[in-house]
Each structure stands twice: as C-alpha cells, then as structure tokens.
Amino acid sequence: MPRDKEGLNEIFAFVKGDVESLEGDIVSIEVKDSNRPDIWAVEGIARALRGYLGGGRTKEVRVLGRSNLKVVIDKRVKPIRPFISTAIVKGLRPTDEALKSWINLQEKLDQTYGRKRKRASIGFYQADLIQSPLSYTVANPDIITFTPLGSEKKQSLREIVESHPKGAEYGEIISQFESWPILVDGADNVLSLPPVINSNDLGRITTETKNTLVEVTGTNSETVHNTLKIVVSTLAERGGKIYTCLETYPYGSPRILVSPNLSPTRASIRLSYINSLLGTSLTFKEASRFAERAGYGVRRATGDTIQLEIPGYRTDIMHSVDIIEDIAIAMDINELKPEWPRIWTGGNFAKETDETESVAEIMVGLGFQEVLTYALTSPAVVSNKVQQSDGKLVELLNPRMITHTVLRRWLLPSLLEVLSHNTHVDYPQRIFEIGPCISRGENQIHPIQESRKLAAVTVHANAGFTEIRSSFDALAESKGRSFQIKETEHPSFLSGRCGVILSDGEEVGIIGELNPRAIKSWGLNLPAAAFEVEMSNLSLT
Amino acid sequence: MVEISQNEARVLKTLIDSGGKAPIEDLAKKAGLADSAVARAVLNLSQSQLVKEKVEKKTELSLTDEGRTFALVGLPERIILLEVKNRGGRLSLREALQHSKLAEKYGSIATGWISRKKWGTIEKSGSDLVIVARSEAPIDDEEEILARLKNDILILEELPQVLKEAALRLTKRNLVESQARNDREVEITDAGRSIGTSEAARPEVSSLTGDMIVSGEWEKVKLRNYNVSSAVPRTFPGKYHPYLRFLRMVKRKLVALGFREAVGPLVETAFINCDCLYMPQDHPAREIHDLYYLKDPSRASLEEYGSLVDRVAQTHENGWKTGSTGWRYKFSRNEASKLILRSHGTALSVRTMLSKDLQIPGKYFAIARCFRPDMLDKTHLTEFNQAEGIVLDPGLNLPNLLGILEMFAKEVAGADKVRFKPDYFPFTEPSVELQAYREGFGWMEFGGSGIFRPEVTEPLGVKVPVLAWGLGIDRLYMMSRRIQDIRQLFTSDLEWIRDQTVG
C-alpha cells in the first residue's frame, strides 16, 4: 500500500472513498457509497480492495454449518417488530481494534441502513452463556426486569426506556405499544429489549468472547436479513466461522427459516450492454476478469450473456447497471478515453434569462446596483417591518433558522434589509433585484404561485417619487411597454405619493415614496422611493 | 479689440497689481499659474504689444572663499589696526602680526591699506615698520559690502556709486567675484493696461451653459478655472452583482457548447424532486434534516402527472419494466405529493425529460437555486445555486460522460488537467466525480455526474442513455474571487459589491 495521501486516495477510489486525514498509521476515509453497507467497515473495505488490487477472485464468504440455537417467534411481536434473524459466529477472540470496528459498523447500520433502528437494529451476545431455544416475545414493561448494558442494577423495561440514554434515543419506537418486544433464552434470561438495549450480563462482548451470537430485529424482513448478512460477513473477515440458527414463525411464509442465507444470487448480464454503456469492446474473458476483481463469481458465458453470482453481502445490486459500474471501477475509469459526444445541438438561453438580461441592462444603465438576496425570509422582514400584514405567507414545516421561515412574496423588504446593513456606506444608494417570489395559489391543483419580480429602491437626501417614476418610465419605454399609474393606498408607502402600476387594467406592481414608518423600522434615516413589478409584464409576449 | 485668453488676462491683471512691471518669475507666483503658462501668455501679449519684455544685463556679486573668511573676522587692515589701538596706538608690525595671529603675508597688505585709508601712519624703524594709529577709523564702504554679501548676493548695477567702487576694489582684491546674468522683466504697455483693466471688470462665471454657447456669451465672460488635479466626489455606477455576473458567464459558456437552458419552480413536489429520481421514500436524504417541507400548503395534487405516478410507484416497489428489483417497499402517494423546496438541480433535469419539447439528441442545462435545511456558516448556505444538466442520445456511453466533464473543466474552470473518481448518487449508475487541476490552485472537486439509472429514465418515457452532470460552481466562484466564506455569495455589503472590479 502507498504511504502518502495521494497514493491512498487512488487506492480508496475503488471503494468510492475519500482520504480525509492521514496521521501516522491511521487513515480516515469517507465512503461515499451510502448504498453499500458491506463496505462501511474496515473488514469490508479490505475484502473489496483485495479483489481490485490482488487481481483475482475474492474469497467466498460462506456458512460453515448449523448451530443448535433455535428461535421461536411469538405472534404478538407481529404488529410491533415482526422480524428477527440470528446467527452464531465462532472461533473469534476479537482484538480491541476489531471490537471498535464492529461497534462502529453496528452504529452506522442502525442509523442509516436500519433507519435509526426503526427498520432494523443489531445485537451482539456471548453465545456460550445462552441456552436454546430463544424466545422472541413480548412483555409487560412494568413487570419484566433486567440489567441494561452499562448499568449494574435490574430495572423494569419502562424504567430502562425512561432512564437509560438509549431509551431516550430509541424508546419511542416501542413506547406507544402496550407490551414491548423482548428476547429471552431457554433459561428465561433476558437478552435484550429490542431495539433499545441489550442485557449487561449476556449482551456484552469482549476480547474474551470466543463465540458471538448476532441478532437483528426490525420491521422490514429484507433489511433485517441483509443486515445480518453484512454483520456476519464482516466478522468472517476476521476469521470467524458462521453457523446458522433456525427461526420458527407463527405467521408469514416460509414459517421456518434458516438464517443467514449467504448463498450468492444469480444474475445474467449481456456483454453488448456492458460494452455499449462503457464504450468498450471487452471480450467475455476480459469482462469476466473485471467482474471477478469486483467480487462477482463468474459461472459461464453463452451467446451474448454472462452468468454471474452476486455475493450474499452485496445487498445493493438492483440492476445490471450496478454490476456494470463495478466492472468500470475494476477497469479504472481513468483508463477510459474521454470523448466529447459527437452530436450537434444548438444552445440557447431560456426566455426568462433573456428577459432578466434585458431588464438588468436597463436598470444598470439607470445607475442601479444589482443585489442578490435569499428567497427564504421571516414574517418580520416580509410583513411587519414594511407595515404590511394582509395575506398568508407560504411557510416552512421545518425551518432551521428563525430568520428563514417563510418564502417571500415580494422583493422590496429584502432590498430594504440590504439597505439597513449599509447605513454607513456612501449615498446615494440605488439597488435592484430580479428574483423569484412565492405566494399561495388559488386552488388545490396549483397550491403555489411562483413569479419573478423586479424591485428597485433609491435612497438619498433628495430621493422621491419623481426620480423613481422617471426610472420606471425609462424602463417601460425601453422595453416598449406602456403602463398606467393610478393613485392608491399601501401601508408601506406614503399616502398621496403611491401608485398602483396597471397593465391593461390589471395590477402588476406598485410605485411610490416609502412610508417614513417603514423607513425608520429599518434604521434608515433618509427618504426612499421604490417600485416593484412582475417581470412577466415587462416583456411583450 | 484684441482677444486675449484667460491666462493672458490674468497676467495683465497681475502686472497692473504689481505696479506695471514685474520679473517674469514673480509673475508666475503672483498669478498662480505654471511657469510655462506664463511664458506662453507673455509671448502672445508681447506680440500684441500689450506688454514689453525687457532683458537687462546684471552683474551678480558674491564672496570668494577668502572674502567669506574676512567677512567673518574683518579685513587684514582692520585686524592690525585694532591690535595697534589696543596696545597704546603705536606698535611694530611684527608685534602686531604676532598678537593678531594674522599670517605674515598679510602684513604688507594691511599696512598698505591702513595708510591708503588714512587710518594711521607707517614709520620705518630699522628693519621693522611701526604703525601709529589715528584715533578715527570708521567702518568703510568695503566693509559694508562684505557685511551685506555675508547673507545675500548683490547686484552691482543696483548699488550707489560709492559702494559700486568699493565692490570693484574688493573684486580686485579677489575677495568678491562677479557673474553676468540676463534678467527678464515684463512691463505693461498703455494698450495692455486698458485691456487688462476691462478684462478685470468682466464677470467671472463657474458653469458654462448652453445659452452661453449659443449666444457667444461664453467669450465675454470669464470662466472660472478649475483645479483639475484635485479630488471630486465619488460616483457609484450601476453594475451587475459579482456572483450573478459569474453565473451569467457560466451560462454563456454552456450555451456556447450547445446546451439549452431549462428553468423550473423552486417549490417542487417530493415526487419530482425525489421519487422520479428513484430515491426511496425513507431515504435519509428525504428526512427533515436534508429537505425543506412546506407547512401550509403542504401537498399538491399529482393529477397532472397521470400514469407516470403509477410507473414511478411500481419502479420503486418492484422495478416495473426496467429490469430492476426495485427498492421493494410500499410506495406512498401521500409522501410523493408533499410540497418541498427544490433540493438539487437534478429536479429540473426530471422536468426537462418530462417536457413535451424534449429533443433527442439534446443537451440541456440549468442554473438552479436550491435549498437545504442548513444553518448559515462559513461553508454552508441554506440557499445556493447548482449548475446541472443532461445530454441525451442513443449512442451515449461512459467515455462521453468523461468527455463532457473534461470539456467543462477546461472551458468553465480553466483547468489544466482532469481526473475521475467513482462516485455515488441514488439516481445514476455509473457515477463519476470530476476533479480538476489548475496551476496555483491544485486539485479541486468540480462536479458530480453519472448516467441516469434506467429506473429514472424509463418511467419518464426516455429510452436512450442520459448523461447527467452537476458542477461545483459556487466553489469555483469563491476560488476565483479568493472568497473564504460562502455567505459572501449573498452578501448585503454594498461597499464590497461596489469595490468589485468588472471583468
């Protein structure tokens, strides 16, 4: 392996990894593939790299035999958390480093693939302390007690959910139910309260643990089984031997399951498809060699088709394109020659861009500085400070900042906010913006109405209606449009110095001297005049 | 009437104020004009006989080195005389020289002048001379010349006759030296005086008006001169916002490469933004930490999409006819109908593929404003822009995708070389990250791309490979303007915006 960051980056590119830091012997990488949990631990990354760098087939991960452990599922878990999948991995005395890696993997799988333990959660136990059969059942949260991981005293299930840190994090997945799922062994010892916490006695593995029981429970059968496959395959990379367990369900089909099932899935893929997508002319032999490097088993090639075996831990393969990408990575995409597509197309700007450009040109010519502001704002900015309160705003369900909670329906408040940050800057200040505005639509089919608007403000000692009106008129004339201005009342503007902009009798904008109350509320101390108009009305259609 | 310029009028006025004549160098100072301007004005005025230029020869007097010494300590005859007086009025020359520490060679000079200036008498006494001082020996003209030359130069011609003669004597004694020079003096003529007087009476105006030009009045008035080198008030031109100017440049480049621009709404349905891009409905990127949802209104009807909703739902559930296994879960139309703020430009690529105007072969792009629920800080914006696009043609393949990325890196980012890394997006497979290298900037991630999954294109009715790409234009802009803080993109700092250069 190379020892420098650049060299390591090239190696980890095979697993879509970015080297984030390199300190001594420790490399931190970010694995970008959020759909490949089999490479979320160092064991899986090593397995994948062995294939790419070693040039040969990767070692098959397989089941060694059956364990004696049986799991009986109680039908009462069905509405709560219906699926469980278990396996025993024998012959391992993990190092501290290995334990750390597995705990990390468990955490990542729980969080993302298991959707914060809702869809699937993982438990590790000392297999030698556990008596068959396991019972996956339910219990009254106030009666059953056990000692949770990291604690020394027995507590009821409810006490655990209420007081243990993991209870606070995951308790809500089960707390709505009357009875809660538990896992109990043949000697009536509680293994865990899935998906919250394991028992401190049985559910804690150490460097002394030779045989480990791995268990996954959850709400999605496929996720539960896939998670187990990924965990045991990871443990197998450290030399663990995988033994199956027998699960008996009172519902679903099949009712009796042997898990994990690590047998590869068969897939056939057309060589012509590979070559057309990759722009290559690979032979069967070449394509097979790259597929093997990527960890696939190659059974045979007939006609245009290659028969492949997808390893059990590759839970991400949905389509031939997934395999083709792996072949491309095995080839090294930098070996492909970039080729500009030889198709002729005429480029052009969107109509909206042409409109924006022509209006911006005129506004700049009139001496206005273009500005850029956020479409997200707050009711204080868009309504209160400009003395306007009518009409409901389009509001976010999950705002992150109190300054960004609603979508603006007009631009002028954003411009005044800009001016309020610049009271120390030389006047005159003349600014404009062309930007999107959002308001509520008229009906269910069109619940939102979006439009682009233009707003302009002038602020200085002598700013007034005449100046802003003459700027607006110059714009309208340059665009070949004519508008009528009719006196109106608007809370943001001065009474008697404000007009509505009409186009063929339709209201399309507003113009006037700003109300001193609005000016003051922004901390401005000079007269200001402004207009705002719909962009769609500035261009002839 | 003689026409004279502003500067000429000013020279005449200065001459009148200075009593009719003045040396040319004084004129420049008094009139507040440059030497060259005065020289030109005087030349024109003398051609019009409004002034006369007189050149006078002058003799400039100054001290020689020896003269400077005696100007400080006194002439040899004065030193010896004082010594004699101090010792009783009668003293031998040898003794006088000895006491005064005057050099031997000045003995005869001193006695010669004492006798010629009648300051005393010289008697012979053996081999020595004896000096007998007179009681009266006032400061004489030569001594006055020396005293005045200590601090100044003198003009011989300007001295009274007696001093003139004294100065000439000193010149002969090598204590004073003379140098000839030509003095230029300007004198106003009667004609000049009358014109200058009327010019001075003309009104001075500061601004030239259109009326003045039309009527010719501007020739009669006196336009006030401006100090053209002094500072004036600053003007702030209207300009494009620097970041928007950059985005315009990117658009022009993409159009030049044959791309058509697409636009679309900021408020989208989860259906367009996520479901059509084959993002499973419980995908972490659809959680409230990654996507802004609307509170009210919160949903839109999906009616306008017709059977597309069924095709997308089936693709998620079982792959539909795409050859995929699908995500294998129960698709929720309710979830799909949620209103959100567009979180990536790829949503616009979906709209482009849905459009009845879609052309194949085709190249499309959009600069899309996107939203993510992030707190604003140095590296995060809650609103930002993405440049995204697609290329559609039956014959497209992965090398074509790399070709497009390479072209962008060179054309848009000015990169010297590129390299590619495998990447991951839920909606493309294969997926490729573009890294661009630019001298002085090093390697930077400049884009993400891929070939749309069949699970994306086939439900939309697109049956050809679609290359999809996105460029990291915000980072490119920050790099080119040396901006460290991403909030600067939406800055409200008018001073900074005004200070940005254009181009």
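**View 1. A:Glu395 and B:Asp296 sit across from each other as bridge partners.** In this predicted model, B:Asp296 belongs to strand 12 of chain B. The pairing runs between strand 20 (residues 394–396) of chain A and strand 12 (residues 294–296) of chain B, antiparallel, with two bridges. Strands here are DSSP runs (E, at least two residues), helices are H or I runs of at least four, and both are numbered from the N terminus. Two strands count as paired if DSSP finds at least two bridges between them. Residue numbers start from 1 along each chain as its sequence is written, and chains are lettered from A and ligands numbered from 1 in the order in which they are written. Since the model is predicted, local features need pLDDT of at least 70 and side-chain atom pairs pLDDT 80 or more, while totals for chains, interfaces and linings use all residues; side-chain values use heavy atoms, leaving out hydrogens and water.

View 2. About 8400 Å² is buried between the two chains, and carbon and sulfur atoms give 57% of that. Buried area is the accessible area (1.4 Å probe) that two parts lose on being put together, summed over both. Look for A:Met318, A:Trp340 and A:Leu372: in chain A they lose the most area to chain B, together 10% of what that side buries.

**View 3. B:Glu433 reaches A:Lys32 in a salt bridge between the chains.** The N to O distance is 2.0 Å. A salt bridge takes a side-chain nitrogen of Lys or Arg within 4 Å of a carboxyl oxygen of Asp or Glu, and the rule finds 14 of them across the interface of chain A and chain B. Polar contacts between these chains come to 48 residue pairs, both residues at pLDDT 80 or more. A polar contact is a pair of N or O atoms within 3.5 Å; within protein, one must be able to donate a hydrogen and the other to accept it, and residues adjacent in sequence count only if both atoms are side-chain atoms.

**View 4. A:Arg314 and A:Asp326 form a salt bridge within chain A.** Their closest N and O atoms are 2.8 Å apart. A:Arg314 is in the loop between strand 17 (305–310) and helix 9 (320–331) of chain A, and A:Asp326 is in helix 9 of chain A, 12 residues apart. Buried means under 20% relative accessible area, exposed over 50%, and partly exposed in between (1.4 Å probe, protein chains only). A:Arg314 is buried at 7%, and A:Asp326 is buried at 3%.

**View 5. In chain B, B:Glu53 pairs with B:Arg184.** This salt bridge is 2.3 Å, N to O. B:Glu53 is in strand 2 (residues 51–63) of chain B and B:Arg184 in strand 7 (residues 176–188) of chain B, so the pair ties together parts 131 residues apart in sequence. B:Glu53 is partly exposed at 29%, as is B:Arg184 at 39%.

**View 6. A hairpin joins strand 24 of chain A to strand 25 of chain A.** Strand 24 (residues 484–487) of chain A and strand 25 (residues 493–503) of chain A pair antiparallel over four bridges. A:Gln484 stands opposite A:Leu502 in strand 25 of chain A.
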